[in-house]
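My notes follow in the order I made them.

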Amino acid sequence: MRSNYMFTSESVSEGHPDKVADQISDAVVDLFIGRDPEARVACETMVTTNRIILAGEVRCREEATPTLDEIEKAARETVKRIGYEQHGFHWQYADFACHLHGQSADIAVGVDESGNKDEGAGDQGIMFGFACDETPDLMPATLYYAHRILEKLALDRHRGAVDFLEPDAKSQVTLAYDDGKPVRAVKLVVSTQHAKGMDQALLRDYVTGIFAETMPQGWMPGEDDIFVNPTGLFEIGGPDGDAGLTGRKIIVDTYGGAAPHGGGAFSGKDPTKVDRSAAYVSRYLAKNIVAAGLATRCTIQLSYAIGIAEPLSLYVDLHGTGNGVEASRLEQVLPHLVRLTPKGIRTHLGLNKPIYVPTAAYGHFGRKPEGDLFTWEKTDLVDALKQAL
């Protein structure tokens, strides 16, 4: 890797149209899994001007299956929580359509556990996990700060500290790296939806204050390298300004472009789908490797075939930062610490619970594990890793 360079990551707020769709899809996942921990859900959402449309496949115990009214309520409550009460997109008045139907029997027969057959993967695919020592949460610094900026904007909006912010927003952070470490911000960007008639100079002052509050001391760039609503007005936003779809912000969801992505989205999928669960366990393993001091940077890849329980491959890359340990040795050890079958992953991380709505905005990784939430962010494998090695 180069030692001196610039790198950029972006984030989007909970009110971004694609994130609205992600959160609705995960609200449906939580609704079904809350009724039946073994429910199967693959829910896609589209939102546009005063419309919410669901499609996909589900399977649930008949007596536990949510009604159409309950599904609609979950979707509308999600939009209400985000804060959309606009003329072009309102939680209460938007048209709602649900096209969820039963899961394919061909998929079910390959995935379900039966007799001597272990539960198989819900699809083929490749999944990546990543960790580095750039931040306390062991995440790429560019994405870490991009998320934090938007979280502060949302916090001020929700608690009423300001009255001019609307839900839709984007951030972008470019950092300079010296000797492989982030040292300062080069460019900072926020585009945020705002109240009609908002003074752009006042908005810039407010957002610049959020930048200064978020970035480490001494990292702020000059005024010419700060961009707030570069196109000017941003009054029409959210699903009224641009249609949103589940799964279109997978780089925001993961590592901001600093690590590979297998291609599969997370939101709207129950944890038998390895697109989600295997990506979570890959992050879990990579984070524990870095937390154990075995490397300062780690990428892990897993691959699966539909209906097959065991992963087809496990790959570890320490990017030349290994501290007295070889990646090949970790490839031997890791499967003995966590069973990397779909059922083994779900059991180890406790994924068959309604825990997914909080993941659907501000990243699935780099979050604080609390109770049943974000268990893949725990570093409870550190001692076991050291002992095994």
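**Entry 1: a charged pair**

I began with arginine 346, which is buried at a relative accessible area of 5%. For this I used the cut-offs of under 20% relative accessible area for buried, over 50% for exposed and partly exposed in between, with a 1.4 Å probe and protein chains only. I noted that this is a predicted model, in which local features need pLDDT of at least 70 and side-chain atom pairs count only at pLDDT 80 or more, while totals for chains, interfaces and linings use all residues. Residues are numbered from 1 along each chain as its sequence is written, and side-chain values use heavy atoms, with hydrogens and water left out.

Which residue meets arginine 346 in a salt bridge? I found glutamate 38, at 3.9 Å from N to O. A salt bridge here is a side-chain nitrogen of Lys or Arg within 4 Å of a carboxyl oxygen of Asp or Glu. Arginine 346 is in helix α10 (residues 342–349) and glutamate 38 in the loop between α1 and β2, so the pair links distant parts of the chain, 308 residues apart. Helices (H or I, at least four residues) and strands (E, at least two) are DSSP runs, numbered from the N terminus. Glutamate 38 is partly exposed, with a relative accessible area of 44%.

**Entry 2: other salt bridges**

I read off 28 salt bridges in the structure. In one of them, glutamate 213 and lysine 152 have their closest N and O atoms 3.4 Å apart. This pair also links distant parts of the chain, from helix α5 to helix α4 (residues 141–158), 61 residues apart. Glutamate 213 counts as exposed at 52% relative accessibility, and lysine 152 is partly exposed at 26%.

I then looked up lysine 269 and aspartate 275, whose salt bridge has its closest N and O atoms 2.8 Å apart. Are these two buried or exposed? Lysine 269 is buried, with a relative accessible area of 15%, and aspartate 275 is buried, also with 15%.

I traced an open sheet of four strands in the order β1-β8-β9-β10, with mixed pairing. Two strands pair if DSSP finds at least two bridges between them. β1 (5–12) and β10 (226–228) are the edge strands, each pairing on one side only. Neighbouring strands of this sheet are turned by 15° against each other on average, direction ignored. Such angles run from 0 to 180 degrees between N-to-C directions, and the axes are lines fitted to C-alpha atoms, for helices over the stretch in contact.

Helix α5 (residues 200–214) packs on this sheet and touches β8, β9 and β10, where contact means heavy atoms within 4.5 Å. The direction of α5 makes about 125° with that of β10. Strands β8 (residues 165–178) and β9 (residues 181–194) run antiparallel and are joined by eleven bridges. I checked alanine 169, and its bridge partner in β9 is threonine 192.

**Entry 3: the sheet with β2**

I found an open sheet of four strands in the order β6-β3-β2-β11, also with mixed pairing. Its edges are β6 (95–102) and β11 (244–245); each has a single partner strand, so one side of each is left without a neighbour in the sheet. Helix α1 (residues 17–35) packs on this sheet, touching β2, β3 (51–59), β6 and β11, with its direction at about 150° to that of β2. Helix α2 (residues 68–82) lies across β3 and β6 and runs at about 125° to β6. Two bridges pair β2 (residues 40–48) with β11 in the antiparallel sense, and methionine 46 stands opposite leucine 245 in β11.

**Entry 4: β12**

How many residues of β12 (residues 297–304) are buried? I got eight of eight. Arg297, Thr299, Gln301 and Ser303 point one way, and Cys298, Ile300, Leu302 and Tyr304 the other.

**Entry 5: cysteines**

I found zero disulfides, a disulfide being a pair of cysteine sulfur atoms within 2.5 Å. For cysteine 43, the nearest cysteine sulfur is that of cysteine 98, 7.2 Å away. Cysteine 43 is buried, with a relative accessible area of 1%.
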